[in-house]
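The sequence and structure come first.

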Amino acid sequence: MTLNAEICKHQNCLEAFALKFTGNTEDAGDLVQDTVIKAIRYHAMYKEGTNLRGWLYTIMRNTFINDYRKGAKRKSIMDTSEDLSSHQLSRSAASNLGENKFVMEDINKALDKLPADYSTPFLKYFEGYKYHEIAEELQIPIGTVKTRIHMARQTLKAQLKMYSERITGQA
């Protein structure tokens with residue numbers, strides 16, 4: 001019997017395990033699907049004769065944790081209302097939408113100027129992917145991923161320096 005068939009034999013157990021993580025049948029189904037896809041994709045990493053169900057549970061647990069972290073990171077980027085003081089709110093309310101549009105255009109221009117080798121890992125990291133996930137997807141060493149993200153940050157920081165000076169009052 002092939003490994004793919006063996007993996008599919010554990011689907012019911014995976015669904016029950018996923019439901020404990022998610023508490024929702026739709027999300028559990030998605031988690032099982034992601035787990036099976038990763039197991040099939042990385043089948044070469046499975047050592048024949050070891051506990052297949054344990055290996056699948058580990059993939060599922062790691063997938064759930066990584067997805068949770070990505071969601072938490074996105075949420076923390078999006079939802080900062082609790083951290084804002086009334087002074088910060090009044091200051092942001094006073095700025096006009098035209099100014100914000102120009103700032104976003106400058107950020108997008110700076111991102112467009114980055115070489116694809118730097119912008120792709122940087123944007124993936126910003127979206128919440130881990131270094132090792134980016135390295136696997138781009139098929140490059142993890143050290144290269146870290147270097148490219150660092151270089152992208154430095155380049156963006158230099159290109160958008162005028163905004164940091166305005167915020168800190170150094171202008």
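The protein chain folds into ten helices and zero strands, in a model that is predicted. Read from the N terminus, the order of elements is α-α-α-α-α-α-α-α-α-α.

Of the 171 residues in the protein chain, 22% are buried. The chain exposes about 12,000 Å², and carbon and sulfur atoms supply 55% of that area. Among contacts with a separation of 6 or more, 61% are between residues 24 or more positions apart.

In soluble globular proteins, nonpolar side chains tend to be buried together. The largest nonpolar core here has 14 residues, and Trp 55 and Leu 56 have the most contacts inside it. Helix H2 (11-22), helix H3 (25-41) and helix H4 (52-78) each give two or more residues to this core. Another core, of twelve residues, lies apart from it; Phe 122, Val 145, Ile 149 and Leu 160 are among its members.

Where does His 10 sit? His 10 is in the loop between helix H1 (3-9) and H2. Is this residue, His 10, buried or exposed? Its relative accessibility is 14%, and because buried means under 20%, His 10 counts as buried.

Note on methods
Residues are numbered from 1 along each chain as its sequence is written. This is a predicted model: local features need pLDDT of at least 70, side-chain atom pairs count only at pLDDT 80 or more; totals for chains, interfaces and linings use all residues. Side-chain values use heavy atoms; hydrogens and water are left out. Helices (H or I, at least four residues) and strands (E, at least two) are DSSP runs, numbered from the N terminus. Buried means under 20% relative accessible area, exposed over 50%, partly exposed in between (1.4 Å probe, protein chains only). Contact means heavy atoms within 4.5 Å. Accessible areas come from the Shrake-Rupley method with a 1.4 Å probe; for residues, only the protein chains shown count as cover. A nonpolar core is a set of buried Ala, Val, Leu, Ile, Met, Phe, Trp, Tyr and Cys residues joined through side-chain atoms within 4.5 Å.
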